[in-house]
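Please look through the structure shown here, taking one chain and then the other, and follow the account below alongside it.

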Amino acid sequence: MQRIFLKGIKGGTGCTAIVANLACVLKKSGVHVIAVDLDPKSDLGLHFGLPWKNTQGWSDAENFNDILTCFYQDSDGIIFLPHGEKTPSNTALNELIDNCNKLDNVQNAWVLFDCPSHIDISNYTLHKDDIVIELVNCDAVCHSLIYRRLQKLKKTENSWHHFFLVNRYNSSSELEFDLFSLWQSTLPLMAPFFINSDEVIKESTAYRNVALNCAPYSIANDDFETLAGWLVSKTAL
Amino acid sequence: MQNLISKNPQTLTSNDIANLAHRFGGKSEDYIEIVNTQKNMQTINKYALLKEIDNELASITSR
């Protein structure tokens, strides 16, 4: 089982849309994908066609046997677990993450965790093969947050693989070009590509779907395929 | 027929960094690229917040 934790370095970086689109691209390439919503705003299901009225999820369940009844499968075959309405404790979060290891009934399944931005990644019980991707936007606040994160990472004994990924990159912005060029040449944990800002991502969500299904020849879908390929190469290292 | 010239990329990728860390040990975040230093300084000096952060980081590392 390969576990990928995706998290915005701050709120509103576009993490949930990345999780949904990445899950779809991986699934289409033959990977068994399970997407788990750890974010109390509980909107991952909307990308997979979960009816808006369905608000229940794992946080409302009493135990893991009950949680097993909360899983859904979308039309592409992606298995996903909505968050639900309750705000879980840190212990409950980690119990769920650990229990997800029991879901590996399909060989080489990938579990994508949509993590809330307000919970520090060090609060999760992570293993050496886990990959953490922190989503950043090319702005000055993220620049500040990245360097704070790097200082923290240097002080802690983190065993997992940690990367930063630029989302919603606007190629016509001078500031974004400057920041991305700077980060590429000074930050070793920066992914060597970015996810472009593309209306397709927003539009596909509005159509209750993902970029791959709504606009398979879009820049957005190319970017998600690049991300999926890069992650596959990382797991092979 | 034109000869195709292959150029090595100027920017290290995270794969290169991971390989360095794997070969020489330590954490991968300890490895930074030392090219484009001048261009990076121009960018840092262009924006006040970036300059402030850079100065602060420099003072921490010199302590």
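**From chain B into the strands of chain A**

From its N terminus onward, chain B is built in the order α-α-α, with 3 helices and 0 strands, where helices (H or I, at least four residues) and strands (E, at least two) are DSSP runs numbered from the N terminus. Of the 63 residues of chain B, 8% count as buried; a residue is buried if 20 or more other C-beta atoms lie within 10 Å of its own, exposed if 12 or fewer, and partly exposed in between, with C-beta atoms placed from the backbone. The model is predicted, so that local features need pLDDT of at least 70 and side-chain atom pairs count only at pLDDT 80 or more, while totals for chains, interfaces and linings use all residues. Residues are numbered from 1 along each chain as its sequence is written, and chains are lettered from A and ligands numbered from 1 in the order in which they are written.

In chain A, strand β6 (residues 131-136) has 5 of its 6 residues buried, so it is largely enclosed by the rest of the structure. Strand β1 (residues 2-8) of chain A pairs with β6(A) in the parallel sense over 5 bridges, pairing being assigned if DSSP finds at least two bridges between two strands, and Gly8(A) has Leu135(A) as its bridge partner in β6(A). Strand β7 (residues 161-169) of chain A also pairs with β6(A) in the parallel sense, over 6 bridges, and there Val132(A) stands opposite His162(A). Between β6(A) and β7(A) the chain passes through helix α5 (residues 140-155) of chain A in a right-handed β-α-β crossover, that is, with the strands pointing away from the viewer, the path from the first strand over the helix to the second runs clockwise.

Arg168(A) lies in strand β7 of chain A and is buried, because 21 other C-beta atoms are found within 10 Å. Leaving aside neighbours within four places in sequence, Arg168(A) is in contact (C-beta atoms, placed from the backbone, within 7 Å) with Gly14(A), Asn137(A), Ile195(A) and Ser197(A). Arg168(A) and Ile195(A) are 27 residues apart in sequence, yet 5.8 Å apart in space from C-alpha to C-alpha.

Helix α4 (residues 90-99) of chain A has Leu93(A), Leu96(A) and Ile97(A) among its buried residues. Down the axis of α4(A), the buried residues fall within an arc of 100°, so they line one face of the helix, the arc being that of the directions from the helix axis to the C-beta atoms. These buried residues of α4(A) pack against α3 (64-67) and β5 (110-115) of chain A, whereas the face turned away from the buried side carries the exposed residues Thr91(A) and Asp98(A).

Note on methods: Contact = placed C-beta atoms within 7 Å.
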